[in-house]
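Reader: Hi! I'm new to this one. Could you walk me through it?

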Amino acid sequence: MAQSRHGPDLPRLGDLRTLAAESRREQLPVLLFFSTAGCPYCAQVRREHLGPMLAQGRAAGVLIREVEILGSNSFADLDGRPLRESALADRFNVKMVPHVELVDAELKPLGKPLIGIDAAGFYGDYLKDAIASATRQISARLAR
């Protein structure tokens, strides 16, 4: 995993149809990490939380993808139409970063987003709780 002074490089979004298929196949939620270049708080979340989770692979229990909210990278939406990173950020009403959104394979939110970072040091616990809740929701849907 490559690393810069901004923390480890996280996978960027590609074809959302492929990501959705992986989410369904692996029965894992998707963690969308909305960020901006040069954001020190985004770098902190990347370095202290998401990078170590990414290094765990499937054991982390979540598929991680980074979205640059001002980015112009284009990829295929779930319906195959082109979608820019900035448009996806608009879809999730991202106004400030870091912004973590846990979603299912259809990009439906699985709880409230984590916006910003806390000064008290509980961010990792909030993130673990959000992932556990998202995972329980997916498991419950599969059990029906």
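Author: Happy to! In helix α4, the buried residues are Y123, G124, L127, A130, I131, A134 and I138. Buried means under 20% relative accessible area, exposed means over 50%, and partly exposed is in between, with a 1.4 Å probe and protein chains only. This is a predicted model, where local features need pLDDT of at least 70, side-chain atom pairs count only at pLDDT 80 or more, and totals for chains, interfaces and linings use all residues. Residues are numbered from 1 along each chain as its sequence is written, and side-chain values use heavy atoms, with hydrogens and water left out.

Reader: What covers the buried residues of α4?

Author: The cover includes β3 (30-35), α2 (40-56), β7 (99-103) and β8 (114-115). Contact here means heavy atoms within 4.5 Å. Helices (H or I, at least four residues) and strands (E, at least two) are DSSP runs, numbered from the N terminus.

Reader: New topic: how many salt bridges are there in the whole structure?

Author: A search finds 10 salt bridges. Each is a side-chain nitrogen of Lys or Arg within 4 Å of a carboxyl oxygen of Asp or Glu.

Reader: Nice. Which residue does R65 pair with?

Author: R65 forms a salt bridge with E22, and their closest N and O atoms are 3.3 Å apart. Because R65 lies in strand β4 (residues 63-68) and E22 in helix α1 (residues 16-26), the pair ties together parts that are 43 residues apart in sequence.

Reader: Is R65 buried or exposed?

Author: R65 is buried, with a relative accessible area of 16%.

Reader: What about R24, which residue is its salt-bridge partner?

Author: That's E106, with the closest N and O atoms 2.9 Å apart. R24 lies in helix α1 and E106 in the loop between β7 and β8, so this pair ties together parts that are 82 residues apart in sequence. R24 counts as partly exposed at 48% relative accessibility, and E106 counts as partly exposed at 35%.
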